[in-house]
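Biologist: I am new to this chain. Please walk me through it, one question at a time.

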Amino acid sequence: MSALGNKKVLLGITGGIAAYKAAELVRLLIKAGAEVRVVMTESAREFVQPLTYQALSGQPVYTDLFDKHADSAMDHIELARWCDLLLVAPASADFLAKLNAGYADNLLLTLCLASKKPLAVAPAMNQQMFANAATHDNLAALATRGVLIWGPAEGDQACGDIGPGRMLEPEQLLALIDEALAPGPLDGVALLLTAGPTREAIDPVRYLSNRSSGKMGFAVAAAAARAGARVTLISGPVALPTPAGVSRTDVESAREMHDAVMARVGDCDIFVACAAVSDYRIANVAGHKLKKDDAPPVLELELNPDILADVSALAQRPFCVGFAAETRDVEKYALDKLERKNLDLIAANFVGSAGRGFEADDNQLEVYWRGGHARIERGPKAAVAKRLIELIAERYTGRHLSTDSDD
Ligand code: CTP
């Protein structure tokens, strides 16, 4: 079933020969029941007349940031709030560069900056311009900020070249808009998540920590946000950007992470403990920097609170998901942790082998719950996280298990 009925789509058109294809997209959107308003840049108007889109959308076309005649039309802030989704199709190389840099010197760029709604771009340009490292970097940066990158397709180009750079076809863009506006499996769910390592101070300049990069936890946070959840991420020290739509609090030590979680757990429906929390902290933290001329220090360790166990022991507990990083007997240790910490689901992986686990970009997970198991095959952490979120959503909502489980 289409998610487009009564949805409001703001379509931005920039300069490119594919601007004419956007007319067909407007027609398809209107036919599917969406409301469409069109914004054109100056160079887009070199290719197609605004009147075309006005006739198809049944609405005035917006072109200028300072339109003195547009008394009855919405201003840019209203327009940014009005839409459910903003799609720029075609998106030229110049537009993508300006969007990445945060320019706001035309109406469309201003709308993109002013909108909190999902933003998608459908790049369209000469294949050499698309292959240029500058365009590549701009798109990569936009993607990490949560901008949806749709296309481009490969094929014959208007300039005679052949290669990637063609705008996706209107039917393909329609399907992507439909998918983006469809409710996610975690719509309306509040998900709290820990990620990264913790640091336990030895003295004011030194600490004990571990090799967690936070990549898996951040990928799970991003996947949960894309699935519609309101995500709060409590992160140890990592060098990663905050995923789009995720609210983040940074902490250092296990006790700080524990406090940050406990302060927020009352409002959450699902708790996912991805962090590699230091089991121990230093009992005798030195007040001043330890000097090597002093006698070699003896570090006394004391146990840190177990954040996940404390959350799952609450009377009003959320759905609890744990992680188990193991170097052997994955199933045995994971099932033991599932019981011992009273979890709803546990995701276990081998660590220590090259290309998997800590610091790696790929991962493979064995996921267990009471009476069930599913394997998430090795792949990029983003893909693994997406599948894990699907499994969590299925278990959380009590829906039937997917085909790749052997439950
Ligand atoms: N965890 C936590 N707080 C801690 C320790 C662990 O929330 N103080 C969470 C982790 O985020 C992870 C799971 O518990 O979800 C890992 O369980 P744990 O028993 O700590 O695993 P290991 O450290 O591997 O312990 P073990 O010595 O049992 O292998």
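Biologist: Is Leu233 buried or exposed?

Modeller: This is a predicted model, where local features need pLDDT of at least 70, side-chain atom pairs count only at pLDDT 80 or more, and totals for chains, interfaces and linings use all residues. Residues are numbered from 1 along each chain as its sequence is written, and side-chain values use heavy atoms, with hydrogens and water left out. Buried means under 20% relative accessible area, exposed over 50%, partly exposed in between (1.4 Å probe, protein chains only). Leu233 has a relative accessible area of 0%, so Leu233 is buried.

Biologist: In which strand does Leu233 lie?

Modeller: Helices (H or I, at least four residues) and strands (E, at least two) are DSSP runs, numbered from the N terminus. Contact means heavy atoms within 4.5 Å. Not counting residues up to four places away in sequence, Leu233 touches several residues, among them Leu193, Phe218 and Val246. Leu233 itself belongs to residues 230-235, strand S11.

Biologist: What relative accessibility does Ala190 have?

Modeller: Ala190 is found in strand S8, residues 190-195. Leaving aside neighbours within four places in sequence, Ala190 is in contact with Arg230, Asp267, Cys268, Asp269 and Ile270. Ala190 counts as buried because its relative accessibility is 6%.

Biologist: How far apart are the C-alpha atoms of Ala190 and Pro318?

Modeller: Along the chain, Ala190 and Pro318 are 128 residues apart. In the model, their C-alpha atoms are separated by 9.7 Å.

Biologist: Within what arc do the buried residues of H5 fall?

Modeller: Helix H5 covers residues 93-101, and Ala93, Phe95, Leu96, Leu99 and Asn100 are buried there. The arc is that of the directions from the helix axis to the C-beta atoms. Seen down the axis, the buried residues of H5 line one face of the helix, because they fall within an arc of 160°.

Biologist: Which residue follows H5?

Modeller: The cover over the buried residues of H5 includes strand S3 (85-91) and helix H8 (133-144). After H5 comes a residue with a positive phi, near 85°. That residue is Gly102.

Biologist: Which backbone nitrogen does the side chain of Ser212 reach?

Modeller: Ser212 sits in the loop between strand S10 (206-208) and helix H10 (215-226). A polar contact is a pair of N or O atoms within 3.5 Å; within protein, one must be able to donate a hydrogen and the other to accept it, and residues adjacent in sequence count only if both atoms are side-chain atoms. At 3.4 Å, the side chain of Ser212 reaches the backbone nitrogen of Gly214.

Biologist: Which residue has a polar side-chain atom 2.9 Å from an oxygen atom of the ligand?

Modeller: A residue is near a molecule if one of its heavy atoms lies within 4 Å of it. Of the 13 residues around the ligand, those that come nearest are Ala273, Ala275, Pro305, Phe323 and Lys341. A polar backbone atom of Ile307 is 3.0 Å from a nitrogen atom of the ligand. The polar side-chain atom 2.9 Å from a ligand oxygen belongs to Lys341.

Biologist: What is the average pLDDT of the chain?

Modeller: pLDDT is the predictor's confidence in each residue, from 0 to 100. In this chain, 94% of the residues score at least 70. The chain averages a pLDDT of 92.
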